[in-house]
Amino acid sequence: MAAPISVHRIDARGGRRVTARQGGVEQSLGRACCDADLVEFMRRVGVQDPELLLDDPETVEWLTDPAHQWTTQ
């Protein structure tokens, strides 16, 4: 089973699309450009202490690109 928060690949402008899954439905949370953006999205959907869960694979799934990378290098 995938984590409830997915951080998608880096886009052409830099930044990554973030989605949340709940009850089998995927919802777009927005485009994050840094860890702080991701933490705020997680907080908005009710994740407790999101800053502590960024590297928890049961909570956050980093797709395609490395975790915490927000621009192509």
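Where is the place of Arg 16? Arg 16 sits in strand β2, residues 16-22; strands here are DSSP runs of E with at least two residues, helices are runs of H or I with at least four, and both are numbered from the N terminus.

Some conventions. This is a predicted model, where local features need pLDDT of at least 70 and side-chain atom pairs pLDDT 80 or more, while totals for chains, interfaces and linings use all residues. Residues are numbered from 1 along each chain as its sequence is written, and side-chain values use heavy atoms, without hydrogens and water.

Back to Arg 16. Arg 16 is buried but has no salt bridge, and Asp 65, the nearest side chain of opposite charge, is 4.6 Å away. Buried means under 20% relative accessible area, exposed over 50%, partly exposed in between, with a 1.4 Å probe and protein chains only. A salt bridge needs a side-chain nitrogen of Lys or Arg within 4 Å of a carboxyl oxygen of Asp or Glu. Lys and Arg count as positive, Asp and Glu as negative; His and the chain ends are not counted. The Arg 16 side chain does reach the backbone oxygen of Pro 66, at 2.8 Å.

The whole structure has 6 salt bridges. One of them pairs Glu 61 with Arg 21 at 3.5 Å, N to O. That pair links distant parts of the chain, with Glu 61 in strand β4 and Arg 21 in strand β2, 40 residues apart.

Arg 43 bridges to Glu 40 at 3.7 Å and to Glu 51 at 2.9 Å. Shared partners join Glu 40, Arg 43, Arg 44 and Glu 51 into one network.

Terms used
A polar contact is a pair of N or O atoms within 3.5 Å; within protein, one must be able to donate a hydrogen and the other to accept it, and residues adjacent in sequence count only if both atoms are side-chain atoms.
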